[in-house]
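User: I am new to this structure. Please walk me through some terms and the values behind them.

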Amino acid sequence: MKLKKVLALTLAAAMTLSLAACGGSDDGGAAEAPAAADDTGADETEAPAADDAADDGAEAEAPAAASGLTYASINLGEDYKDLTTTIKFIHHKTDREEDGTIPDLISKFNEVYPGITVETEGITDYAEDSLLRLSAGDWGDVMFIPAIDAAELPTYFVPYGTVDEMSEYVNFADQWKDAAGNCYGIGYMGNAQGVLYNKKVFADAGVTELPKTPDEFIAALQAIKDNTDAIPLYTNYAAGWTMGGAWDGYLGAITNGDETWLNQKFIHEAEPFKDHGDGTGPYALYKILYDATAQGLIEDDYTTTDWEGCKPMINNGEIGAMVLGSWAVAQMKAAGDNPDDIGYMPFPITVNGQQYATAGPDYCYGINANASDDNKAAAMVFVKWMVEESGWCDLEGGYPISKTAPTSFVFDGVNVVNNVTSLPGEEDIMNELNSESELSFNQGGDAKVQRIVEAAATGAETYEDIMADWTAAWNAAQEECGVEVLY
């Protein structure tokens with residue numbers, strides 16, 4: 001789906017909501033703590049014609065590289081020391097704005113580059129608001145790239161260099177690339193996908209070996225319920241983003257060992273949600289949540305979960321496990337007096353005797369293609385410093401982005417792999433199928449995962465009913481979008 005269509009739907013929904021009730025916002029859109037959102041509107045008629053720009057071959061342009069400015073060309077601490085300008089950075093890390101982390105990092109940046117003033121703005125409902133800001137050109141010089149099509153990257157952002165060049169400096173350089181092989185986004189931190197757990201709770205429950213299969217994981221949760229006072233699995237249902245935003249992240253190689261499945265085969269598969277009978281695949285992934293809920297191994301009242309409250313709860317041993325990316329480890333360790341009790345295990349699915357974890361970037365820095373030359377240079381310097389010198393990724397406990405910066409990330413007993421990118425010419429098909437089916441995998445499809453909890457808790461639907469419904473929606477989307485079914 002192109003950005004203009006996304007914006008049209010977003011704006012229509014926003015207008016409907018504004019007529020129904022003035023004010024109010026979804027405070028679960030950002031990946032961490034909520035804060036007051038900046039409610040900025042945009043006139044759809046002013047949105048850049050991204051489709052037209054892409055059709056005119058915009059993806060072949062490389063404005064930064066053409067002017068000699070690339071990530072590789074900058075020598076930190078030496079180049080642009082005399083540059084004086086002001087740049088703006090918008091982001092979703094409202095918690096790190098409020099606790100002083102981001103202001104402190106900028107202060108350290110200014111010790112090296114005193115002439116570059118960095119203004120920041122944290123946005124709570126970032127996924128939607130950032131798209132509106134992008135369309136209106138009202139976002140400054142650096143932003144975390146929202147969900148747009150690859151063909152639209154050159155319309156809005158500056159390339160850092162080619163993917164091949166950037167792969168020498170950073171991991172996941174191909175996350176935001178155009179058809180010409182240019183890199184437009186660099187992660188502020190990486191995420192590996194596993195399960196957050198309290199080591200003491202598992203030990204007190206008598207679980208001496210970490211579970212490696214869905215059945216073993218459910219058995220471990222049952223042991224926690226039988227032998228401790230802890231909530232075995234905390235769903236964080238009420239936060240919203242902890243549903244689709246968390247569970248969808250385990251699709252792909254984690255559940256089937258196939259690095260090509262998520263971005264190349266899934267879109268062409270007739271029955272992606274079928275039961276393989278061996279505890280693998282998407283069916284097994286979401287069934288863990290259904291079974292845990294149906295067997296009373298989650299919160300007593302899932303509708304009243306509290307994201308901020310769960311952090312000290314797991315630190316203090318009131319929660320056994322939560323399905324969240326590795327980014328959450330640092331937050332849970334810092335939330336109480338028992339940081340050493342917080343552990344991170346591979347997701348409990350085993351494929352041919354091997355457990356897998358995928359790793360990839362969180363939100364990625366993008367630089368405004370319409371900024372002045374001075375601001376492009378200042379933004380490039382700022383991004384490179386944040387990636388290589390700030391230590392922010394390691395502070396968050398993230399999987400490393402920079403290939404030169406030190407890291408303390410450790411994830412033993414698992415094969416860390418990458419879900420490889422889409423085939424040429426198919427980069428945007430997943431977006432189209434997600435939109436048409438309304439399943440929104442890895443695009444904040446919270447409702448479909450919340451449905452699993454609701455169905456299991458009430459008995460309103462069987463798990464097989466839900467998987468059949470997803471399959472029907474997926475097949476209908478494939479037909480409507482003209483996607484060939486190959487598997």
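User: What does the accessible surface of the protein come to, and how much belongs to carbon and sulfur atoms?

Analyst: The accessible surface is about 19,700 Å², with 45% belonging to carbon and sulfur atoms. Such areas come from the Shrake-Rupley method with a 1.4 Å probe. This is a predicted model, where local features need pLDDT of at least 70, side-chain atom pairs count only at pLDDT 80 or more, and totals for chains, interfaces and linings use all residues. Residues are numbered from 1 along each chain as its sequence is written, and side-chain values use heavy atoms, leaving out hydrogens and water.

User: How do you know that the length of helix H20 agrees with its residue count?

Analyst: H20 has 13 residues, 446-458. The expected span is 1.5 Å times one less than the number of residues. That gives 18 Å, and the end C-alpha atoms are 18 Å apart, so the two agree.

User: What makes a residue of H20 count as buried, and which are buried?

Analyst: Buried means under 20% relative accessible area (exposed is over 50%, partly exposed in between; 1.4 Å probe, protein chains only).

User: What covers the buried residues of H20?

Analyst: The cover includes helices H11 (244-247), H14 (281-294) and H21 (463-481).

User: What share of the protein's residues count as buried?

Analyst: Of its 487 residues, 55% count as buried.

Technical notes. Helix = DSSP H or I, 4+ residues; strand = E, 2+ residues; numbered from the N terminus. Contact = heavy atoms within 4.5 Å.
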